[in-house]
4 protein chains.
Amino acid sequence: MLKIGLLGAGRIGQVHAVNIVAHPQSELVAVSDKFDDAAQNLARVHGAVVRTSEEIIADPAIDAVLIATSTDTHADLMEAATAAGKAVLCEKPVDLDLKRAVDCLARCKPHGKPVMVGFNRRFDPNFNSLKSAFDKGEIGKGELLSITSFDPAPPPVSYVKVSGGIFRDMAIHDFDMACWIYGELPEKVTAIGSSIVDPEIGKAGDFDTAITTLEFSGGRMAVIKNSRRAAYGYDQRIEFLGSDGLLAAHNVLENTVEIITRAGATKAKPEHFFLERYAKAYQIEWNSFIEGVEGDTELPVTLQDGINALIVAEAAALSAREGRTVDVAKEIPA
Amino acid sequence: MLKIGLLGAGRIGQVHAVNIVAHPQSELVAVSDKFDDAAQNLARVHGAVVRTSEEIIADPAIDAVLIATSTDTHADLMEAATAAGKAVLCEKPVDLDLKRAVDCLARCKPHGKPVMVGFNRRFDPNFNSLKSAFDKGEIGKGELLSITSFDPAPPPVSYVKVSGGIFRDMAIHDFDMACWIYGELPEKVTAIGSSIVDPEIGKAGDFDTAITTLEFSGGRMAVIKNSRRAAYGYDQRIEFLGSDGLLAAHNVLENTVEIITRAGATKAKPEHFFLERYAKAYQIEWNSFIEGVEGDTELPVTLQDGINALIVAEAAALSAREGRTVDVAKEIPA
Amino acid sequence: MLKIGLLGAGRIGQVHAVNIVAHPQSELVAVSDKFDDAAQNLARVHGAVVRTSEEIIADPAIDAVLIATSTDTHADLMEAATAAGKAVLCEKPVDLDLKRAVDCLARCKPHGKPVMVGFNRRFDPNFNSLKSAFDKGEIGKGELLSITSFDPAPPPVSYVKVSGGIFRDMAIHDFDMACWIYGELPEKVTAIGSSIVDPEIGKAGDFDTAITTLEFSGGRMAVIKNSRRAAYGYDQRIEFLGSDGLLAAHNVLENTVEIITRAGATKAKPEHFFLERYAKAYQIEWNSFIEGVEGDTELPVTLQDGINALIVAEAAALSAREGRTVDVAKEIPA
Amino acid sequence: MLKIGLLGAGRIGQVHAVNIVAHPQSELVAVSDKFDDAAQNLARVHGAVVRTSEEIIADPAIDAVLIATSTDTHADLMEAATAAGKAVLCEKPVDLDLKRAVDCLARCKPHGKPVMVGFNRRFDPNFNSLKSAFDKGEIGKGELLSITSFDPAPPPVSYVKVSGGIFRDMAIHDFDMACWIYGELPEKVTAIGSSIVDPEIGKAGDFDTAITTLEFSGGRMAVIKNSRRAAYGYDQRIEFLGSDGLLAAHNVLENTVEIITRAGATKAKPEHFFLERYAKAYQIEWNSFIEGVEGDTELPVTLQDGINALIVAEAAALSAREGRTVDVAKEIPA
């Protein structure tokens, strides 16, 4: 039974708390948050105690920490926790600054503790099935990967300003998916963006709609479509054309009911947002973390994976800014 | 090139006329109809001449006739045409009276001319694919066949009164499908009916909604659902459970467009009625008739098939009337 | 916080145990089972104690019992528990014998304690959405309800022999669905059955494949298709034709992935069996029970509902045996 | 009744011939082809005569010509035909050379005769429904258009060499779709390409797989995915994200049959290639041409539309070559 300290009691911390508690081999012993109320509430529901992040990291009785704090604290906390001998599951992104993320890896590595980055979509049963089918050769050689990733509604502009931009904040999930599926970093990145959903987002220097194309070795390609607004909900799909066929992972719908009238045949729309769509993915993610830590095997998402996704995001931002293709190896030194 | 006489220039006669004309091996030479206008119009469009049914049948230069007149004339015309040495394609049903249909077969047979009954649904590419997949063993042994057959709107009560009732007029197509798919007549028939769509239909002694179950040899079953009204259009589907799986033929939709909004994901409704849904089936039916006549091979739907469907209809009507299962071999002497 | 005693630690008892434990207002305090090992295992996992059913029922500190024992003990346990002042959630069926079930209701009622029968499918989010849409008038007046209910594989013949037969054991869920959706008992029941899946089931006096038609007031109808074997998994669907359209609840698939190759476009098959398909339904069922007991409001499924489903099962069995329609009010005295 | 001369009796000429003959207001009177056999065969089937292109264009009794010859003859024939007072329907592209196409427009225009370019996809009932739904405002403001356009198999390298390349030969249809849907030329074009399907295509200086992004006014975007090979058939889909929802036009499948077994649920694959998928579109295209010519109204696709698609193709080819975004107005002078 692993004793877990949860750093961060916000929305995503609460999701993780339930999975920690429900897992037969993990126990939630302590919770920290910069807002005391949030920490107290979450601790009470799950029978844990409230402590500071420093206390949790310093406690030798705690085996692992889950970092669900604000992005700017991720790298520091990972470094402190690994130095204190703890296994770590840290929410994405590692940091908004690529150099800081690279340093973090360099500092964590020597401690030899398992560190996993929370790219939850890799654990979605649908995307996972697609990846497995591809790895089994169902469509032959992969040629053209296509990811649709739309949020239901744009975040407030105040959030956009500190988010690192659509590529580092939102598309980073999709960049990780593409690198994971192809098994490597792209060689070239080309992106375009606009702020057609909300001009205020444009004034804040960001895009709300973007298309990124990735060129992998051997002429393999990917295209990622992002929008901050899909009126009908969270649109999360993948298509993958290969030499022998096409793989597609469709949306998860709210239910299976269909109503057919003179007006047409209407089914439910997709699950509203990530908490609904990826509920199961978060659970499997936690199971995988525990399995890796307990079994002393490699974790399915590494700190290097977190850095790779940042590299692509950096390249996409540069490409969209300058209207040209970016050569990843030459221009984004990691 | 076969010279064809078309008896009947109504809605369904017009559909057939186009297919006769379009086929490279058939030529529409003459048209008859009890309404002279209808015959004149159709003949003009296709460059044929108007004659009486008797003249057409008597003309040795005409190779085949297509009978698309009112039901009460079918048997007489088939007998006259075969006696005159013509191949015949006759619209369903053979007759509303089973005995008359049986006599018709007895009288036509000795002339040795090919006679085909127009069960158009057998030629629908979807139902045909289902049948082929079943015959190829895709679902193993057939066990439970389920046919959904709903019209978009009930006919006028005046039509209902002369129609022979829902089983002989409408479900007869589905009875033929079931016998065709299983390759035999059912042993037992049980039906229930109500007039929930239009009470006037009930007052006319008929049903507008009915469910018929058929028991075939070896414990194999079928169920047929009929309604005179599906607000969303013509609902024509088949499902077939077998020992190794399920076969389904879904509806043909008006188009492939989907609109996804806050209100859900809406696709087109099914094609409106038989002229749209079975346009291709009528064309393939005609091709099959020509192929059989030209190639001197057995036609895919025989007069006996027309009689078999009537036998089931007769049994269903009796069952619904008496609230009990009908033993086909014992109670419906054909 | 309600203290719960769980009677029965088998497969379905284990499903309920998890939901009892996970609910913030219920606590699993005691478990009984005729097999001591099963009880010990389940109690250990959830931190409960093992006791006999009698002890649990006699303990005034226990507020409610969940009865998940073998069918022949249901009625006795319900009577004892309500007499001891406990709220009860009892798995279906109430009893295989209709008279016994009616007596049970008569004996439980005077104690005034809430009793709910575990018709889990009413809580399936898909079927529930269908029912809500119908109640909101989305398809106008209901006319023809169609339920497909196939198990993935037949049970052993030893089970079949004590099961009460396909109508009381399996179709009873579907009979409850039909009565629930239409809001009344049918007036007439007609059923056919065969043992095409496994002749041994026939030798045991039961069917493995059956079709039941139900006639409700006003000419409204339902048809239920049952098979003990669908090679592709658990097939659980509902279609409902109304005056303004059609409602359908489709199967829940294992995932949303599609593979398109020369061989066609392949999606996942339905969830394998009831534990997977109805996992969420069992959870909502328990929530509804707690909500009703805590809120002192009427429970969504009553003991009378359990009896009604048995009445239809009795009628179906009689109809299939005698090859005729059964008049429920006249022939099945409840 | 318009008298039509058909220039070109190849595969696509034969498709048009059937539609010309079937239309009640057009009559196929003459056919030309550089291969005499092809012209003779087609003429015989439809009762037309064989003549040279020059003779057809010179004949004052012929009202309109359909140009279905090789691409390099399109512009000359259009100029000659309009000069001779004929209405023209010309297959795409106008020419492989943008300047030649622009000259063609300049020379045809003064004659004031209707000229239509055969962008058949605009007439596909599915894409047409999508466009209509968009124009009616079903998804609000259009933001991100996505076109999937894969051929079933690559053409021979010998064809590739004279084709003008994937952008001018294949993607040109998709460029036309995007301009048609948004109602304008894009401002910027960015494309990437590879020859992953067949390296020989790469050696011939062309791509077989490409992704093009288009930036329209106001931040509106489109992305077009092209591949010369989809093993499962012709993949032709459109998705359009707007401020209020998503519009999608899915593929047309070979039939509606589904087989569900332990291996999953398999439907038919898409229609194989353009002759099957766009059979109806070609028919509607011809109807629209006749309607425009007879009614003296503007034709739905103009010569300028043909030029616009070429402009985008030119920009895409340049972008892919140089690895940068191309500014259409500045860099592609038309």
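Residues are numbered from 1 along each chain as its sequence is written, and chains are lettered from A in the order in which they are written. In this predicted model local features need pLDDT of at least 70 and side-chain atom pairs count only at pLDDT 80 or more, while totals for chains, interfaces and linings use all residues; side-chain values use heavy atoms, with hydrogens and water left out.

Me: What makes C:Arg237 and B:Glu239 a salt bridge?
Reply: A salt bridge is a side-chain nitrogen of Lys or Arg within 4 Å of a carboxyl oxygen of Asp or Glu. The closest N and O atoms of C:Arg237 and B:Glu239 are 2.6 Å apart, so the pair meets the definition. The pair crosses between chains, from strand E11 (residues 235-242) of chain C to strand E11 (residues 235-242) of chain B. Strands are DSSP runs of at least two residues (E), and helices are runs of at least four (H or I), numbered from the N terminus.

Me: Why is C:Arg237 called buried?
Reply: Buried means under 20% relative accessible area, exposed over 50%, and partly exposed in between (1.4 Å probe, protein chains only). C:Arg237 has 15% relative accessibility, so it counts as buried. B:Glu239 is also buried, with a relative accessible area of 15%.

Me: Why does B:Glu331 count as partly exposed?
Reply: B:Glu331 has 29% relative accessibility, so it counts as partly exposed. Its salt-bridge partner is B:Arg324, with the closest N and O atoms 2.7 Å apart. B:Arg324, at 23% relative accessibility, counts as partly exposed.

Me: Which parts of chain D does the pair D:Glu79 and D:Arg100 tie together?
Reply: D:Glu79 forms a salt bridge with D:Arg100, the closest N and O atoms being 2.8 Å apart. D:Glu79 lies in helix H4 (residues 74-83) and D:Arg100 in helix H5 (residues 98-108), so the pair ties together parts that are 21 residues apart in sequence. Both D:Glu79 and D:Arg100 are buried. In chain A, salt bridges that share partners join A:Asp76, A:Glu79, A:Arg100 and A:Arg107 into one network.
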